[in-house]
Every structure is written in structure tokens, then in C-alpha cells.
Amino acid sequence: MNPNMKRLRRTMMFLNCQKPGLIKDPYIYKPDSIMLDLEDAVAEKEKDAARYSLYHALQEIDYRGVERVVRINGLDTDMWQEDVRASVAGGADAIRIPKTETAQDVKRVEAVVEAVEAEFGVVPGRTLIMAAIESAKGVMHAMEICEASPRLFGIALSGGDYTKDLQTNISGTGVELMGARQLMIIAARAAGVQCFDTVYTNLNDMEGFRKDVETIHQMGFDGKSIINPRQIAVVHEIYTPTPKDIIFAEKVVREIDDKKAKGIGVFTVDGKMIDIAFYDGAKRTIELAKASGVYKGEL
Amino acid sequence: MVIEKTSVAGTLESSDCMVTLEPGNGSVELELESPVIHQFGHQIRKVVLDTLEHLDVKDAKIRIVDKGALDCTIKARVECAVFRNVGKVRGLPWGGAIRK
């Protein structure tokens with residue numbers, strides 16, 4: 001399995017490949033991933049120009065460990081195959097498929113990625129895929145999309161197009177996104193892949209943004225798409241385990257390891273009933289604490 | 001590649017450059033305008049000429065108005081102007097004529 005399948009992806013920052021000033025140094029803001037956009041952000045007559053910028057940025061800019069995902073043009077255009085060629089040849093870490101509605105959409109991209117990796121001598125399986133779901137049909141097919149390819153590391157909700165398809169709009173309360181969010185996180189977890197939330201476009205409402213992130217964090221999402229560097233710190237803060245969470249997770253991991261050796265299945269930690277079902281969650285908290293730079297323990 | 005018409009790529013925004021490519025008079029003629037011409041003029045010229053050489057462009061007039069573009073942006077804009085000029089948008093030679 002590609003070791004990057006489960007990497008930390010709390011923040012995915014969209015960057016317009018048409019703008020050299022945006023893609024030259026986004027690593028200074030330390031997002032977990034950047035989303036180099038060839039699709040909606042790029043003007044129709046500049047689609048070709050964005051591709052050359054993308055290729056050279058991927059080849060020549062040291063993004064210092066930040067994951068480089070490319071959003072290609074839609075499968076209903078005549079541009080997406082060349083987008084994949086430029087991305088894979090440049091060494092992109094992953095391709096984001098827009099407007100994914102079926103497993104077949106993922107398989108079409110997977111086949112082209114596979115062929116292009118062979119064309120450019122890229123290690124087979126190096127380029128991962130993620131699927132953006134932007135319609136009611138896509139949401140209803142979330143499970144088959146999640147299971148469509150071993151390269152697919154996750155799915156992402158795209159709220160703007162999705163709410164248009166639902167014949168409503170983004171209200172700021174999140175009520176119109178509830179169903180899609182719930183269905184998608186359940187499908188992603190059932191399939192063992194990651195799940196990412198949509199962008200929050202009102203940059204003047206940081207309090208609303210914080211509440212939105214708290215909601216999706218509680219729902220189980222792995223991270224959020226973002227459109228501005230100042231949103232990064234808020235997301236990372238909310239996704240950083242508290243000292244209390246970390247201490248409890250350490251106790252759970254140690255106690256389960258100890259009790260398992262003694263043949264004990266169920267016991268209590270700090271008055272809470274604990275069994276093996278808590279193990280993975282506790283380990284994940286430790287890993288997240290390590291990734292967030294706040295873990296000082298020895299596990 | 002043979003340059004038979006005028007093509008343009010890029011913008012005058014910060015960190016970008018505007019490239020104008022026209023048919024030449026038997027060789028490559030480069031005109032450069034840049035706020036950092038005294039520090040980086042030589043390097044910018046080298047990047048432009050190397051890129052044209054990779055693309056096998058031997059006869060063209062090229063004008064660059066630089067606004068502080070990185071080398072990777074200059075290459076991308078020159079390539080864009082060349083491929084727009086010859087009308088090629090698919091099956092591009094990534095890693096071949098288009099390279100670091």
C-alpha cells in the first residue's frame with residue numbers, strides 16, 4: 001500500500017495554478033496539503049497556461065513535505081487527460097477528481113493515471129486519487145465511489161455545487177449539508193478511506209468558520225478544504241488533541257496492552273469502561289498529537 | 001518548431017511575466033524588460049534561450065516583460081507562448097522538450 005494513503009490531512013488549501021504568485025511558496029503557511037487547481041479557479045482561456053505552471057511548480061519548487069494534490073478538469077471536458085499527464089509527469093502526489101458521481105468516474109481516471117505512470121516511468125501506484133462529491137447522485141453513490149480504486153485515499157464534499165443541485169444554498173448554519181456530511185463520513189469509514197469537508201467561503205466570519213470546523217471534527221471528518229492561509233491555524237488547533245485527551249489515550253493504550261497480556265478484556269480507566277474497541281481511537285489520538293507537535297510521551 | 005504568427009502568454013501581475021512571441025528574421029532575438037535586470041538579467045535571458053532551444057525554436061522574436069517571475073514561471077510562460085503559436089494543446093512532451 002502507498003504509505004501516503006493515511007497521511008495527516010487536516011487542511012487542504014486551494015491554490016489557483018493560473019497565478020504564479022499563489023503557487024510559489026504556500027508551504028510557509030504549513031497546510032498539510034495544497035490543492036493545485038486546474039479546474040474552476042482557472043479562466044477557460046488560461047487552462048493551457050495553468051498546466052505549464054503546474055508542471056514546473058511540481059518539478060522545481062520544494063514544497064517542504066506539503067502534499068501536492070492537483071484538481072483536474074471535469075470528466076465531461078476534453079482537458080482532463082492532459083491534466084493528468086502534466087500532473088503525473090510533474091510528480092504530483094495525488095489527483096482530485098471533480099464532480100464524481102459513480103465508481104466508473106474513478107475507474108476512468110485510475111486507468112489514465114496508470115497508463116501515464118507507465119508513459120513517464122513513474123513508480124506504479126505512486127499517484128493517489130481522491131474524489132470530490134458535488135451532487136445528490138454522488139452523495140447517494142458515496143460508498144461505491146469510496147471502494148472504486150485502491151489508489152483512492154478519500155472523498156471530499158464540495159458544498160457549493162452540491163447545494164445548487166439540492167436547489168438550496170449555503171446558509172452558514174450547515175443544515176443543508178447535514179445529510180451529505182453524515183452519509184459521506186459513514187461511507188468513508190465503512191470503506192476505510194478518509195473524508196474531507198467543503199470550504200467555508202466567508203473569510204470575514206472567523207467565528208462561524210470555527211463552529212463549522214468544530215462540527216465536522218466532532219462528526220469524524222479527517223480535515224477541511226480551505227481557501228485562505230488564515231483558516232489553517234483554526235483547523236489545526238481544533239484537530240490538536242488536548243493534554244487531557246493525550247493522557248487518557250496513553251493510559252488506554254498502556255492498559256489495553258497490559259490487560260491483553262493478562263487475558264483481561266474489559267476494565268476501567270479513570271472510571272470509564274474500556275475494551276479493545278478503544279484501542280485504535282487512542283492510538284490515533286497519540287499519532288495526531290505527534291503530528292501536531294504536542295506529544296512528549298514515549299508511545 | 002516554426003513560429004509563424006504572434007502569440008502571448010502570462011500577465012503583468014507580481015511574480016509573473018508577459019511573453020510575446022513573433023516570427024523572427026532568421027535567428028532568435030530577445031528583448032527583456034525587468035525591474036531586476038541588473039541582478040538577474042543574465043539568468044532570465046539564459047532561462048528563456050534554454051527553453052526555446054529545448055523546444056527547437058530557432059527563428060523568433062521574443063519579448064519578456066518580467067515582474068519578478070521565478071525561473072519555473074518564465075519557462076512555463078515561454079512554453080505556453082510557443083505551444084499556443086503552433087496550436088498544440090494535447091500530447092505535450094512533458095519531461096521531454098518541456099523540462100526543468
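In helix H3 of chain A, the buried residues are Trp80(A), Glu82(A), Asp83(A), Val84(A), Arg85(A), Ala86(A), Ser87(A), Val88(A), Ala89(A) and Gly90(A). A residue counts as buried if 20 or more other C-beta atoms lie within 10 Å of its own, as exposed if 12 or fewer do, and as partly exposed in between, with C-beta atoms placed from the backbone. The model is a predicted one, in which local features need pLDDT of at least 70 and side-chain atom pairs count only at pLDDT 80 or more, while totals for chains, interfaces and linings use all residues. Residues are numbered from 1 along each chain as its sequence is written, and chains are lettered from A and ligands numbered from 1 in the order in which they are written.

Let us stay with H3(A) for a moment. Because 10 of its 11 residues are buried, H3(A) is largely enclosed by the rest of the structure. The cover over those buried residues includes H2, strand E3 (67-71), strand E4 (94-97) and helix H4 (103-120) of chain A. Directly after H3(A) comes Gly91(A), with a positive phi of about 100°. Helices here are DSSP runs of H or I with at least four residues, strands are runs of E with at least two, and both are numbered from the N terminus.

Now for chain A as a whole. It holds 12 helices and 10 strands. Its radius of gyration is 20 Å, close to the 19 Å that the globule rule gives for 299 residues, so chain A is as compact as a globular protein of that length. This radius is taken over C-alpha atoms, and the rule is 2.2 Å times the number of residues to the power 0.38. The C-alpha trace of chain A spans about 65 × 45 × 35 Å along its principal axes. Of the 299 residues in the chain, 45% count as buried.

Angles run from 0 to 180 degrees between N-to-C directions, and axes are lines fitted to C-alpha atoms, for helices over the stretch in contact. Two strands pair if DSSP finds at least two bridges between them. Strands of a sheet pair through backbone hydrogen bonds, either parallel or antiparallel. Strand E6 (residues 152-157) of chain A is mostly covered, with 6 of its 6 residues buried.

| Strand pair | Sense | Bridges | One bridge pair |
|---|---|---|---|
| E5(A) and E6(A) | parallel | 5 bridges | Ala131(A) and Ile155(A) |
| E6(A) and E7(A) | parallel | 3 bridges | Gly154(A) and Gln194(A) |
| E7(A) and E8(A) | parallel | 2 bridges | Asp197(A) and Lys224(A) |
| E1(B) and E2(B) | antiparallel | 4 bridges | Val8(B) and Thr20(B) |

Chain B brings an open sheet of 4 strands in the order E1-E2-E4-E3, with mixed pairing. Its edge strands, E1 (7-10) and E3 (28-33) of chain B, each pair on one side only. The twist in this sheet averages 15° from one strand to the next. Glu33(B) is found in strand E3 of chain B. This residue is partly exposed, with 13 other C-beta atoms within 10 Å. Leaving out residues up to four places away in sequence, Glu33(B) touches Val65(B) and Asp66(B).

Finally, where do the chains meet? The contact takes 18 residues from chain A and 22 residues from chain B, with residues in contact if their C-beta atoms, placed from the backbone, lie within 7 Å. On the chain A side, helix H1 (20-23), helix H2 (47-60) and helix H3 (80-90) each give two or more residues. The largest share of that side, 9 residues, comes from H2(A).

Across the boundary, H2(A) meets helix H2 (residues 71-86) of chain B: their axes come within 8 Å and cross at roughly 145°. Among the residues of H2(A) in this contact are Tyr52(A) and His56(A), and the H2(B) residues include Phe83(B) and Arg84(B). By class, the contact of the two helices has 7 nonpolar, 3 polar and 5 charged residues. In this grouping Ala, Val, Leu, Ile, Met, Phe, Trp, Tyr, Cys and Pro count as nonpolar, Asp, Glu, Lys and Arg as charged, and the others, Gly among them, as polar.

Notes:
Two residues are in contact if their C-beta atoms, placed from the backbone, lie within 7 Å.
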